[in-house]
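Trainee: I would like to go through the labels used for this model. Where do we start?

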Amino acid sequence: DTSRTVRLYKQMVPPAAIRGTDGLPHGERGVVWANGSVAWGDDQYSFIKIYDKDLALVSTISTYTAALSYESLGFSRTMQRMYVAYDDGATKSIDAWDSAGTLLDTWTTTIAFFIQHVAVNADESILYYAHGGVSTILRWDLVNDVALADLVADTAGYEIADIMVLEDDTILALYLQDASTPRDVYVKHYSTAGATLHTYSF
């Protein structure tokens with residue numbers, strides 16, 4: 001009900017909240033676990049916060065500072081892990097977290113691009129990622145730390161807005177048209193070889 005929603009919001013956002021550190025993060029990044037827990041964050045600020053299904057604060061992840069700025073959040077439906085891609089200087093790293101805010105694993109890569117969107121396959125051997133302004137979906141071998149062939153090439157005039165790996169390891173990608181009113185939006189369903197299985201227009 002409305003009163004409960006307002007009460008929860010007031011509990012989550014203190015009156016003297018400091019933007020980016022206190023209360024509910026105001027950003028566009030988030031994941032949802034099967035147990036109902038959610039994580040929210042913003043790539044302009046260092047804090048990621050995890051709340052349970054009743055919106056009680058479970059954990060504040062303050063690992064990512066100006067020196068280790070995080071760039072995107074991803075999620076594995078199979079592993080039930082949140083993935084945080086971040087810039088630690090000369091390299092890009094990926095951290096895996098559970099819904100309790102426990103760090104489970106870290107991969108350090110030599111990826112040079114800004115990682116705008118990220119997803120990981122079921123056995124955590126392949127990273128799928130995209131960077132802003134284009135719709136190429138790239139792949140990285142997390143075991144051997146080497147680039148793999150791109151999953152799909154760029155579609156001119158579109159950018160990737162999200163990537164998700166399903167339980168069967170197939171991939172969903174959300175496409176957003178760069179400059180149009182209204183913008184064209186569609187989802188493509190890919191095999192692990194990059195073949196288009198389905199297209200869903202909106």
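Mentor: With pairing: two strands pair if DSSP finds at least two bridges between them. Keep in mind that this is a predicted model.

Trainee: What makes strand 9 and strand 10 a pair?

Mentor: Four bridges join strand 9 to strand 10, residues 126-130. The cut-off is at least two bridges, so the two strands pair. They run antiparallel.

Trainee: Now the aromatic pairs. How many are there in the whole structure?

Mentor: Five. Take W33 and F75: their ring centres are 5.9 Å apart and their planes stand at 90 degrees.

Trainee: Why is the pair of W33 and F75 called edge-to-face?

Mentor: Centres must lie within 6.5 Å, and planes over 60 degrees apart count as edge-to-face. The values of 5.9 Å and 90 degrees meet both conditions, so the label holds. W33 sits in the loop between strand 1 and strand 2, and F75 in strand 5, 42 residues apart.

Trainee: Are W33 and F75 buried or exposed, and how do you know?

Mentor: Buried means under 20% relative accessible area. W33 has 4%, so it is buried. F75 has 14%, so F75 counts as buried too.

Trainee: What makes the pair of Y175 and Y186 stacked?

Mentor: The angle between their planes is 10 degrees, and their centres are 4.9 Å apart. Stacked requires under 30 degrees, so the pair qualifies. Y175 lies in strand 14 and Y186 in strand 15, so the pair ties together parts eleven residues apart in sequence. Both Y175 and Y186 are buried. Together with Y158, they form one aromatic cluster.

Trainee: Last, the largest pocket. Which element gives the most to its lining?

Mentor: Strand 13, with five residues. The pocket holds about 330 Å³ of space. Of its 18 lining residues, G30, V31, L73, G74 and D162 are the closest to the centre. The lining divides into nine nonpolar, five polar and four charged residues.

Key:
Residues numbered from 1 in each chain as written. Predicted model: local features only at pLDDT ≥ 70, side-chain atom pairs only at ≥ 80, totals over all residues. Heavy atoms only, no water. Helix = DSSP H or I, 4+ residues; strand = E, 2+ residues; numbered from the N terminus. 1 Å grid on protein atoms, 1.4 Å probe; cavity = no way out; pocket = protein on both sides within 12 Å on 5 of 7 lines; lining within 4 Å. Points joined across faces, edges and corners; volume = space filled by probe spheres on them. Nonpolar A, V, L, I, M, F, W, Y, C, P; charged D, E, K, R; others polar. Phe/Tyr/Trp six-rings, centres within 6.5 Å; stacked < 30°, edge-to-face > 60°. Buried < 20%, exposed > 50% of the residue type's maximum accessible area, 1.4 Å probe, protein only.
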